[in-house]
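Some notes on the fold follow, as numbered points. They begin with a helix pair and then move to the sheet.

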Amino acid sequence: MEMTVSEKDFWMERRIEIPVLEEKDIFLRWMDEGDTDDIIRWRNSKFVYRNFIYQSPFTRQGHEKWMREMIGTGKAVQFMIIRKDTGSPIGSVYLRDIDQTHHKAEYGVFIGEKAALGKGFGTQAAKLMICYAFDTLGLHKLMLRVLADNLPAIKSYEKAGFIREAYLKDEVYLEETYKDVIYMAVINDEND
């Protein structure tokens, strides 16, 4: 499905507003229509979706709906994580359910290229998104949900500044078993 003129205008406005988001080894750029195939391939990779709370197959129609209803309306923002040394996209990072009334959003990230796992790219992306959320969007709090057995992700989130706020026992039913979920958050103390 082709984006409407107003949706394209929304994307262009956001590109102009965004500061350069770069860390030591990566930079973030806006996700666009051309990234759809990578996003679908990554989200349907077992090593990616097994760490998601919602593990339904990811489709082109679902992604287009996300772009139209969430990104296109400002309820979410999404970036591609790009390795500086190769210029290649390796994953994606996003803020969803952006709530300007309560100044908060939910954070999410996935590294889609297996060779890029465990190299600190996710931690760097989280730090960039925390700065973007607080400095550009003026948010007060970012939260995330993570499966309690996803220890590498929890360690990465803690390195970026997230702290554990809640432990929810048997919160989700995945792979024919109940799994625990940890809520983590980071608060913008400078915005008080």
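1. Helices α5 (residues 121–136) and α6 approach with their axes within 8 Å, crossing at roughly 45 degrees. This makes α5 oblique to α6, since angles under 35 degrees count as roughly parallel, over 145 as roughly antiparallel, 65 to 115 as roughly perpendicular and the rest as oblique. Axes here are lines fitted to C-alpha atoms, for helices over the stretch in contact, with angles from 0 to 180 degrees between N-to-C directions.

2. The model is predicted: local features need pLDDT of at least 70 and side-chain atom pairs pLDDT 80 or more, while totals for chains, interfaces and linings use all residues. Residues are numbered from 1 along each chain as its sequence is written, and side-chain values use heavy atoms, with hydrogens and water left out.

3. On the α5 side, Gly-122, Thr-123, Ala-126, Lys-127 and Ile-130 meet Ser-156, Lys-159 and Ala-160 of α6 (contact means heavy atoms within 4.5 Å). By class, this contact has three nonpolar, three polar and two charged residues; Ala, Val, Leu, Ile, Met, Phe, Trp, Tyr, Cys and Pro count as nonpolar, Asp, Glu, Lys and Arg as charged, and the others, Gly among them, as polar.

4. The sheet is open, with eight strands in the order β1-β2-β3-β4-β5-β6-β8-β7 and mixed pairing. β1 (21–22) and β7 (163–174) are the edge strands, each with a single partner, so one side of each has no neighbour in the sheet. Helices (H or I, at least four residues) and strands (E, at least two) are DSSP runs, numbered from the N terminus; two strands pair if DSSP finds at least two bridges between them.

5. Strands β4 (residues 89–99) and β5 (residues 104–111) are antiparallel and share seven bridges, with Tyr-94 partnered by Gly-108 in β5. Helix α6 (residues 151–160) packs on the sheet, touching β5, β6 (141–147), β7 and β8 (177–187), and its direction makes about 165 degrees with that of β6.

6. β6 and β8 run antiparallel, joined by seven bridges; Met-143 has Ala-185 in β8 as its bridge partner. Eight bridges join antiparallel β7 and β8, and Leu-174 stands opposite Thr-177 in β8. These two strands, β7 and β8, form a hairpin with two residues between them, where Glu-175 in the turn has a positive phi of about 50 degrees.

7. Trp-30 lies in strand β2 (residues 26–30). Its relative accessibility is 6%, so Trp-30 counts as buried (buried is under 20% relative accessible area, exposed over 50%, partly exposed in between, with a 1.4 Å probe and protein chains only).
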